[in-house]
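Here is a report on one protein model.

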Amino acid sequence: MQTFTAIRSFVFEYPKTIAVVTVTGVGLFSVKKWMAGGVCHSKARLDGKTVLITGGNTGIGKETAVDLARRGSRVILACRDMDRANKAAEDVRKRSGNDNVIVKKLDLASLQSVRQLAKDVLGSEERLDVLINNAGVMSCPKWQTEDGFEMQFGVNHLGHFLLTNCLLDLLKKSSPSRIVNVSSLAHERGKIYFDDINQEKDYNPWKSYSQSKLANVLFTRELANRLQGTGVTAYSLHPGVIRTELGRHFWPSMSLWKRVVYTPLMFLIKSPTEGAQTTIYCAVEESLQNESGLYYSDCTPKTAAPEGLDDEAAKKLWDLSASMVGLT
């Protein structure tokens with residue numbers, strides 16, 4: 001009784017404070033709910049199907065793996081760090097109740113590693129129903145891949161470009177099948193620097209990242225054009241702003257005052273589970289079966305930036321990429 005009286009007294013004494021706190025709390029909850037974005041409601045099963053996810057040991061890749069494993073698919077996690085990948089695979093098996101989750105080695109910064117994985121998959125897998133090009137690096141220093149390419153363009157685009165092309169015959173054999181390319185809203189600020197594709201003249205981490213994400217959108221578009229009539233469809237997407245390891249190079253480079261300002265906002269951005277929803281949607285949503293080459297965000301088709309709709313640039317990028325990775 002005394003506790004109730006004390007609370008009642010506090011409410012009458014500080015009505016404005018309580019009103020402000022209540023409105024603020026409801027507002028923050030609403031913003032967080034809005035930031036969480038769309039949810040994949042498809043109940044599609046994937047029994048008997050095989051899915052390969054690059055970078056599936058952490059973040060949205062891992063959450064995608066859990067969801068697709070729950071739907072009954074065989075899941076291949078293609079990862080660079082095998083220790084972390086094996087631990088992630090065990091967690092995916094436990095959370096999904098599906099033991100058919102395996103790990104294969106893939107370093108997207110090495111074309112030799114990409115070819116080796118493709119050779120392994122072609123030799124050991126009878127089918128491949130969904131290829132999810134999820135792995136990536138963001139805003140890293142001026143690094144090069146094993147083959148001398150700028151790191152972000154090499155990992156985010158060229159590695160996936162080569163992997164996809166090496167696995168196309170298996171995807172066609174398994175049709176209807178899908179290719180899902182995880183891009184970013186950053187593609188809207190992107191430009192393909194055909195005269196300086198490796199950013200040797202003027203490297204900027206964000207400019208390079210945006211170029212690589214625009215390349216994902218253009219790659220998807222050209223894939224769709226080339227795969228017409230094969231039963232293989234392609235999709236690109238923006239997963240949202242998410243709490244993952246992708247920002248590991250970006251966060252330390254920020255000034256202290258920016259980190260202080262941004263830290264409270266971390267509460268509002270998507271969790272990996274929320275961020276994985278559009279990837280899952282593009283992988284399983286039945287209504288997309290006859291769609292290809294489009295760009296999605298929050299489980300909804302969106303219009304990509306004008307640069308991402310340029311079919312001439314998409315073909316030019318394909319030809320350049322094929323030359324860079326040694327595809328005939």
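Five of the six residues of β2 are buried, so the strand is largely enclosed by the rest of the structure.

## β1 and its two partners

β1 is joined to β2 by five bridges, and the strands run parallel. Ile 53 has Leu 77 in β2 as its bridge partner.

How many of the residues of β1 are buried? Five of its five. Thr 50, Leu 52 and Thr 54 are buried on one side, Val 51 and Ile 53 on the other, which leaves both faces of the strand covered. In general, side chains in a regular strand alternate between the two faces of the sheet.

## The whole sheet

In what order do the eight strands form the open sheet? The order is β3-β2-β1-β4-β5-β6-β7-β8, and the pairing is mixed. The edge strands are β3 (101-105) and β8 (300-302), and each pairs on one side only. From one strand to the next, the twist averages 25°.

Further along the sheet, β5 (residues 177-182) and β6 (residues 232-238) run parallel and share six bridges. Ile 179 stands opposite Ala 234 in β6.

## Helices on the sheet

Helix α5 (residues 111-124) packs on the sheet. It touches β1 (50-54), β2 (74-79) and β3. The direction of α5 makes about 140° with that of β3.

Helix α6 (residues 151-173) packs on the sheet too, touching β1, β4, β5 and β6. The direction of α6 makes about 175° with that of β4.

## A covered helix

Helix α10 (residues 277-284) is mostly covered. Eight of its eight residues are buried: Gln 277, Thr 278, Thr 279, Ile 280, Tyr 281, Cys 282, Ala 283 and Val 284.

What do these buried residues pack against? The list has α3, β4, β5, β6, α9 (272-275) and β7 (294-297).

## Ser 42

Ser 42 lies in the loop between α2 and β1. Is Ser 42 buried or exposed? Its relative accessible area is 7%, so Ser 42 is buried; the cut-off for buried is under 20%.

Leaving aside neighbours within four places in sequence, Ser 42 is in contact with Arg 71, Val 284, Glu 285 and Glu 286. Val 284 is one of the buried residues of α10. Tyr 281 is another residue of that helix. Ser 42 and Tyr 281 are 239 residues apart in sequence, yet 7.3 Å apart in space, C-alpha to C-alpha.

## Overall figures

The protein has eleven helices and eight strands. Of its 328 residues, 50% count as buried. The accessible surface comes to about 16,100 Å². Carbon and sulfur atoms account for 55% of that surface.

Among contacts between residues at least 6 apart in sequence, 78% join residues at least 24 apart.

## Confidence

The average pLDDT of the protein is 88, and 81% of the residues score at least 70. Which elements have the lowest and the highest mean pLDDT? Helix α2 (residues 15-36) has the lowest, at 48, and strand β4 (residues 130-133) has the highest, at 99.

Over residues 24-36 the pLDDT is below 50. Beyond near neighbours in sequence, this stretch has twelve contacts in the model. Where pLDDT is low, the predicted coordinates should not be read in detail.

Terms used: Residues are numbered from 1 along each chain as its sequence is written. This is a predicted model: local features need pLDDT of at least 70, side-chain atom pairs count only at pLDDT 80 or more; totals for chains, interfaces and linings use all residues. Side-chain values use heavy atoms; hydrogens and water are left out. Helices (H or I, at least four residues) and strands (E, at least two) are DSSP runs, numbered from the N terminus. Buried means under 20% relative accessible area, exposed over 50%, partly exposed in between (1.4 Å probe, protein chains only). Contact means heavy atoms within 4.5 Å. Accessible areas come from the Shrake-Rupley method with a 1.4 Å probe; for residues, only the protein chains shown count as cover. pLDDT is the predictor's confidence in each residue, from 0 to 100. Two strands pair if DSSP finds at least two bridges between them. Axes are lines fitted to C-alpha atoms, for helices over the stretch in contact, and angles run from 0 to 180 degrees between N-to-C directions.
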